[in-house]
Amino acid sequence: MPDGSQSKARIAVFISGTGTNMAALLYASRLKDAAFEIVLVASNVEGAEGLTLARTEGLATFTHSHKGITREEQDAAMEAAAVEAGADYIVLAGYMRILSQGFVERWEGRMLNIHPSLLPKYKGLNTFARAIESGDSHAGSSVHIVTHELDAGEVLAQVKVAIAADDTAESLAARVKIAEHQLYPRAVADYVSRGNDPDHLYARLRELALALPETHEKTSHGSPGFRVGTVKSGKFFAHFSQMHHGSQHIAVLVKTSSMDELLALVETQPETYYKPDYYGASGWVGVILNRPGLDWDHVQDWLMRSWREVAPARLTKLHDAADMF
Ligand code: GRF
């Protein structure tokens, strides 16, 4: 997804109230090299304060009251507005609604929320009073991926805020807000840019590669890769390539069955495949990872194929037998 040379990620921000986090996102999006832009501010509350600011700043807005309709109807209206605006991501910023399951599922991995506690502590409401009552030394805020369970999706980033002896829920809330305004734009930018982040891509690849039988990680010519077999005599089935030899690609190199196949892939799908220097000559194809719409299932299929190409027969046989069940 977006980096300096590519287009920005398009986000729709959903609010119900003051919208100060939305404002923080907005002004961050106007800084040089911002990774995202706000294409819509949508609310379930007609008079939400944040909408006025959004309009003043020339952002597109949408409101749809949830009163007197079902949760699904409300979600459908908000979702349609986000889709219409061309949003890649939905960013919840004080959107005080529980979302219907279908809506959450359709945006899985593309919807974020900010919650004013150090998750997994204090899901739900009244987080500041609960942190003070428990005698915690710190409160804070968390940015997480939205899943069907409230405030329980993967935490992407957190910021801590010290609790003072004389803090009330209100005074603490005010400081946590300031901290949130630093946290949310950064966390959203990192998240939408992860498709260009070699560390993130390598971590995903590593997980998939090492899930295959009898595999281990090994460096070769300065690049990490994965082998099947014993640590002593295993064979490589995948190499990670990070912008090698002037190439802009972050890729995994996997073994094709023939040079004809390699050349056909590169010719018909140049946005997905390329012939790498050096390894290309012996039938390895580059599967590009830093591209929009990357499908990890597809990467996994390639890892499996490549693993089969080089794995010893005793392992592929076992695997074939397991496949029959
Ligand atoms: C924030 O504290 C956020 O953590 C919570 O709702 C509040 C929204 O505040 N989910 P604002 O509308 O962004 O000022």
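User: Is Asn126 buried or exposed, and how do I tell?

Analyst: You go by relative accessible area: under 20% is buried, over 50% is exposed, and partly exposed is in between, with a 1.4 Å probe and protein chains only as cover. Asn126 has a relative accessible area of 59%, so it is exposed. Before we go on, this is a predicted model, where local features need pLDDT of at least 70, side-chain atom pairs count only at pLDDT 80 or more, and totals for chains, interfaces and linings use all residues. Residues are numbered from 1 along each chain as its sequence is written, and side-chain values use heavy atoms, leaving out hydrogens and water.

User: Where does Asn126 sit, and what is its phi?

Analyst: Asn126 is in the loop between β5 and α5. Those labels are DSSP runs, numbered from the N terminus: helices are H or I with at least four residues, strands are E with at least two. Phi of Asn126 is near 55 degrees, which is positive even though the residue isn't glycine. The loop between β5 and α5 (127-133) also holds Pro120, and the peptide bond from Leu119 to Pro120 is cis, with omega near 10 degrees.

User: Asp151 has a positive phi too; is Asp151 buried or exposed?

Analyst: Phi of Asp151 is near 55 degrees, but this residue is buried, because its relative accessible area is 9%. You'll find Asp151 in the loop between β6 (138-145) and β7 (155-162).

User: How do I read the strands that form a sheet?

Analyst: Strands of a sheet pair through backbone hydrogen bonds, and the pairing is either parallel or antiparallel.

User: What is Glu214 in contact with?

Analyst: Contact means heavy atoms within 4.5 Å. If you leave aside neighbours within four places in sequence, Glu214 is in contact with Arg227, Val228, Gly229, Arg314 and Leu315. Take Gly229: Glu214 is 15 residues away from Gly229 in sequence, yet their C-alpha atoms are 5.6 Å apart. There's a polar contact as well, meaning a pair of N or O atoms within 3.5 Å; within protein, one must be able to donate a hydrogen and the other to accept it, and residues adjacent in sequence count only if both atoms are side-chain atoms. The side chains of Glu214 and Arg314 make one at 3.1 Å. Glu214 itself lies in the loop between α7 (198-210) and β8 (215-220), and it counts as partly exposed because its relative accessibility is 36%.

User: How does Glu79 read: buried or exposed?

Analyst: Glu79 has 12% relative accessibility, so it counts as buried. It belongs to helix α3 (residues 71-84), and beyond its neighbours within four places in sequence it is in contact with Phe103, Arg106 and Trp107.

User: Which residues are around the ligand?

Analyst: A residue is near a molecule if one of its heavy atoms lies within 4 Å of it. The residues around the ligand are Thr18, Gly19, Thr20, Asn21, Gly94, Ile114, His115, Pro116, Lys177 and Glu180. Oxygen atoms of the ligand give some distances to look for: 2.8 Å to a polar backbone atom of Gly19, 2.5 Å to a polar side-chain atom of Thr20, and 2.9 Å to an N or O atom in the side chain of Lys177.

User: How much of the ligand's accessible area does the protein cover?

Analyst: Accessible areas come from the Shrake-Rupley method with a 1.4 Å probe, and for residues only the protein chains shown count as cover. On its own the ligand has 370 Å² of accessible area, and the protein covers 87% of that. The elements giving two or more residues to the shell are α1 (20-29), β5 (111-115) and α6 (169-193).
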